Amino acid sequence: MSASDLLNSIDKSRLPQHVAVIMDGNGRWAKQHGKARVFGHTNGVNSVRQVSEAAAELGIKYLTLYAFSTENWNRPKFEVEALMLLLVDTINKEIATMMKNNISLKAIGNLDGLPSASRKALEKGIEETSNNTGLSMVLALNYSGREEITTMVKKIAIAVKEEKLQLSEINDDLISTSLYTHDIPDPELLIRTSGEHRVSNFLLWQMAYTEFYFTPVMWPDFGKEQFYLAINDYQNRERRFGKTSEQVK
Ligand code: IPE
Ligand code: IPE
Ligand code: MG
């Protein structure tokens with residue numbers, strides 16, 4: 001099927017509101033091309049542009065992109081530095097495209113733990129695109145699902161200790177609104193590229209009922225067509241939420 005056929009077969013009335021992506025395989029893609037890993041990261045930026053544009057055009061409201069995990073600090077220093085520089089460079093260059101596509105930039109994660117140049121570029125990007133009303137592009141940076149949950153537990157424990165909160169008030173909703181993603185609905189769809197089948201500490205609470213889509217395509221090769229394929233696949237799923245197939249028909 002061509003890209004336009006794939007696009008036409010998407011039912012615009014049944015789109016996921018929130019798509020989360022684990023952008024994986026940059027290093028292996030570079031290796032396959034006889035290049036250093038960083039070359040894969042640089043090319044991965046094109047996929048970010050393509051996928052965010054596709055999501056914005058379709059009318060999807062939130063796209064969360066896993067860009068740097070807390071575990072990624074354990075990579076060689078050179079690669080970590082290159083990724084942080086790439087972040088600054090990409091945000092500065094992409095603001096114009098985000099304005100054109102009415103995309104607002106947001107971020108989740110332990111942002112205080114980022115190098116100050118990266119944090120500043122991020123804050124500038126968020127500020128400059130804050131009035132855009134289309135897609136929210138959420139970058140997960142220095143992000144860990146477990147750390148997010150731990151931070152939330154501490155926050156709630158303090159409120160209980162200070163008697164600002166009753167134990168009986170702790171429920172799913174309170175927990176959801178105490179996370180980094182407090183103002184973002186749970187993702188209906190998770191895409192992971194590069195043939196890996198794991199969650200890698202991403203959105204652990206939020207993905208309780210998310211549909212998973214795995215593809216062997218490496219992130220730098222993932223473009224609009226690949227994104228339309230994932231949405232088509234999602235639309236062929238039956239989301240039962242514990243019920244029987246007959247009940248949800
Ligand atoms: C994903 O690609 C990008 C980041 C984690 C920052 P990888 O760098 O993990 O690529 P592989 O998995 O080594 O191929
Ligand atoms: C997950 O990819 C993190 C990002 C995409 C930023 P990794 O490549 O770091 O995941 P693991 O460690 O192989 O599971
Ligand atoms: Mg990887």
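**View 1. Parallel pairing of strand E1 with strands E2 and E5 in the predicted model**. Strand E1 (18-22) and strand E2 (62-69) pair in the parallel sense over five bridges, and within this pairing Leu-65 of E2 is the bridge partner of Val-21. E1 also pairs with strand E5 (189-192), again in the parallel sense, over four bridges, with Val-19 standing opposite Leu-189 in E5.

**View 2. Burial of the side chains of strand E1**. Because five of the five residues of E1 are buried, the strand is largely enclosed by the rest of the structure. In a regular strand the side chains alternate between the two faces of the sheet. In E1, His-18, Ala-20 and Ile-22 point one way, whereas Val-19 and Val-21 point the other way, and all of them are buried.

View 3. Nine of the twelve residues are buried, so H8 is largely enclosed by the rest of the structure; the buried residues are Lys-224, Gln-226, Phe-227, Tyr-228, Ala-230, Ile-231, Asn-232, Tyr-234 and Gln-235.

**View 4. Lining of the largest pocket**. The largest pocket has a volume of about 830 Å³ and is lined by 41 residues, of which Met-23, Asn-26, Tyr-66, Ala-67 and Phe-68 lie nearest its centre. Two or more lining residues come from each of helix H2 (26-32), H3, E2, helix H4 (77-100) and strand E4 (136-143), and H4 gives the most, with nine residues. By residue class, the lining divides into 19 nonpolar, twelve polar and ten charged residues.

**View 5. Two loop residues, Ser-178 and Asn-131**. Ser-178 lies in the loop between helix H7 (172-176) and E5, and because its relative accessible area of 13% is under 20%, Ser-178 counts as buried. Residues up to four places away in sequence aside, Ser-178 touches Met-152, Lys-155 and Ile-156. Asn-131, placed in the loop between helix H5 (116-128) and E4, counts as exposed because its relative accessibility of 69% is over 50%. The C-alpha atoms of Asn-131 and Ser-104 are separated by 7.2 Å, although these residues are 27 residues apart along the chain.

Methods:
Residues numbered from 1 in each chain as written. Chains lettered and ligands numbered in written order. Predicted model: local features only at pLDDT ≥ 70, side-chain atom pairs only at ≥ 80, totals over all residues. Heavy atoms only, no water. Buried < 20%, exposed > 50% of the residue type's maximum accessible area, 1.4 Å probe, protein only. 1 Å grid on protein atoms, 1.4 Å probe; cavity = no way out; pocket = protein on both sides within 12 Å on 5 of 7 lines; lining within 4 Å. Points joined across faces, edges and corners; volume = space filled by probe spheres on them. Nonpolar A, V, L, I, M, F, W, Y, C, P; charged D, E, K, R; others polar. Contact = heavy atoms within 4.5 Å. Pairing = 2+ DSSP bridges.
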